[in-house]
Amino acid sequence: MARTLLMAIPHRVGALKKALNILSKHDVNLKKIESRPSKIGTSLYDFVVDVEKEVPQQKLDSAVNELKKLDAANVITYLGGSNIPWFPRKISDLDKFNQTVLSAGSELESDHPGFNDAEYRKRRLKIAENALQFKHGSAIPHVEYTKGELEAWKQVYNKLTTLYPTHACSQLNYVLPMLQQNCGYSENQIPQLQDIHNFLKDTTGFRLRPVAGLLSSRDFLNGLAFRVFHSTQYIRHESSPLYTPEPDVCHELLGHVPLFADPDFADFSQEIGLASLAASDDDIKRLGTLYWFTVEYGLCKQEGQPKAYGAGLLSSFGELEYCLTDKPEIRPFEPEKVAEQQYPITTYQPVYFMADSFDRAKEQTKAWAAKNMHRPFAIRYNPYTLSVEVLTEARRLIPIAKDLQSKMDALHGAMEKIVALQEQDNRLEFAE
Ligand SMILES: [Fe+2]
């Protein structure tokens, strides 16, 4: 577990050295140090320091107490105690997840349809390597899919798209033609992640990152906080096109991608992601369950009827049909109940939760997270810098207040103009 200090230090010779000497005196070894101009004033620099996990808490506390007395360090913020997990602060921090993939490439379970196919495993490994080398900002490598892979895609695509008009939510049916037009969605080709990434960035600011295999729940959810979706690039084994025990391009591109082009759904997904940053393991488990019953297996009410929006449903012909029959139980979406619900992972779901709308689900999730997540500080996403700000001090709130003020001014200005135009029209009408 990482522990982090934030020190705002005057921009003068020797000031940082004094602070570092204190840390050294207390045997506080550092893992990482980053600096940036401070938002308090131009004469200060913020130093964000990650402390090595072996450093005893008592020594760290002593060092922090001494630092607080130091004239050279204006503000010392201790970002949590010993149990705050590391979390990405900026979008490029997601590059670290390349090294933490739980399974990748040719590591298949014995019940995987491609387990005994050496060629398939080799192919998977090659595609997974693209993802392992990927860095934020670089182009997602193009994959030339084989004839067999294209055939598997075609079967899945044709089966699913026949069910979408009756079973999928209106958002998917609205977006799919746009994906066909802009990203090459069709029965005859597997769309490229880079084309989808460009499209999503323009519509909702969501981004795709290729991933070599399964990520932990924490890493995967942390990505959503930055409006980043980790997508596999390989496809299921061609011997069983309608079955896959793991995510593949059919699941990602047909199940997930269309919804990320919907602004309300994108915001909802990011809300889950933001709640996951620095969350405890127990909270990650509950958020993972919430994610399961929404982004993967969610239903929403449209014109009084349940429709599917979860990717696990939208990418499975059998379960997409089943979920709208009278066999499963459909309950209203209430985050406090959803987060505690048990679920099977190898069979169709016996229970689904139905949201009134994505916007409403987002508000419910936000309120639930604010009440139930145990993180000792608030976080704000900065869409300009693609980073998160940890709101531990009043000074951090000043830019938010200024931003709010500027938006209120713009709203007020727009209202005044509209009212003036309406009054002018009324006067002209009266004069006629
Ligand atoms: Fe998924």
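**Exercise 1. Find what share of the 432 residues of the chain counts as buried, and describe the chain as a whole.**

Solution.
Step 1. Of the 432 residues, 50% count as buried, where buried means under 20% relative accessible area, exposed means over 50%, and partly exposed lies in between (1.4 Å probe, protein chains only).
Step 2. The model is predicted: local features need pLDDT of at least 70, side-chain atom pairs count only at pLDDT 80 or more, and totals for chains, interfaces and linings use all residues. Residues are numbered from 1 along each chain as its sequence is written, and side-chain values use heavy atoms, with hydrogens and water left out.
Step 3. The accessible surface of the chain comes to about 21,600 Å², and 53% of this belongs to carbon and sulfur atoms. Accessible areas come from the Shrake-Rupley method with a 1.4 Å probe; for residues, only the protein chains shown count as cover.
Step 4. Along the principal axes, the C-alpha atoms fill a box of roughly 85 × 70 × 40 Å.
Step 5. The secondary structure comes to 15 helices and 14 strands; helices (H or I, at least four residues) and strands (E, at least two) are DSSP runs, numbered from the N terminus.
Step 6. Among contacts with a separation of 6 or more, 67% come from residues 24 or more positions apart, a contact being heavy atoms within 4.5 Å.

**Exercise 2. Which residues does the UniProt annotation "binding site" cover, and where do they lie?**

Solution.
Step 1. According to the unreviewed UniProt entry, the annotation covers His 251, His 256 and Glu 296. These residues span 46 residues in sequence, yet no two of their C-alpha atoms are more than 10.0 Å apart, so they gather at one spot. UniProt positions are given in the numbering used here, feature names are shortened, and annotations may be inferred rather than shown by experiment.
Step 2. His 251 lies in helix α8 (residues 249-260), and His 256 is placed in helix α8 too.
Step 3. His 251 is buried at a relative accessible area of 10%, and His 256 is buried at 2%.
Step 4. Not counting residues up to four places away in sequence, His 251 touches Arg 236, His 256, Glu 296, Ala 311, Gly 312 and Ser 315. With neighbours within four places left aside, the contacts of His 256 include His 251, Glu 296, Phe 229 and Tyr 291.
Step 5. The side chains of His 256 and His 251 make a polar contact of 3.1 Å. A polar contact is a pair of N or O atoms within 3.5 Å; within protein, one must be able to donate a hydrogen and the other to accept it, and residues adjacent in sequence count only if both atoms are side-chain atoms.

**Exercise 3. Is Thr 365 buried or exposed? Describe its surroundings.**

Solution.
Step 1. Thr 365 lies in helix α14 (residues 358-372) and is buried, with a relative accessible area of 2%.
Step 2. A polar atom of the Thr 365 side chain lies 2.7 Å from the backbone oxygen of Ala 361.
Step 3. Beyond its neighbours within four places in sequence, Thr 365 is in contact with Phe 268, Ile 272, Leu 290, Phe 333 and Pro 335.

**Exercise 4. How many salt bridges are there, and which parts do they tie together?**

Solution.
Step 1. Side chains of opposite charge can pair when their charged atoms come close. A salt bridge is a side-chain nitrogen of Lys or Arg within 4 Å of a carboxyl oxygen of Asp or Glu. By this rule the count comes to 24 salt bridges.
Step 2. Arg 123 forms a salt bridge with Glu 149, with the closest N and O atoms 2.9 Å apart. Arg 123 lies in helix α3 (residues 118-133) and Glu 149 in helix α4 (residues 147-167), so the pair ties together parts that are 26 residues apart in sequence. Glu 149 counts as buried at 8% relative accessibility.
Step 3. Asp 267 forms a salt bridge with Arg 227, with the closest N and O atoms 3.0 Å apart. Asp 267 is in helix α9 (residues 263-276) and Arg 227 in the loop between α7 (217-225) and β8 (228-231), so this pair ties together parts that are 40 residues apart in sequence. Asp 267 is partly exposed at 26%, whereas Arg 227 counts as buried at 12%.
Step 4. The side chains of Glu 340 and Arg 286 meet in a salt bridge (3.9 Å, N to O). Glu 340 lies in the loop between α13 (335-338) and β12 (351-355) and Arg 286 in helix α10 (residues 281-296), so the pair ties together parts that are 54 residues apart in sequence. Glu 340 is partly exposed at 49%, and Arg 286 is buried at 16%.
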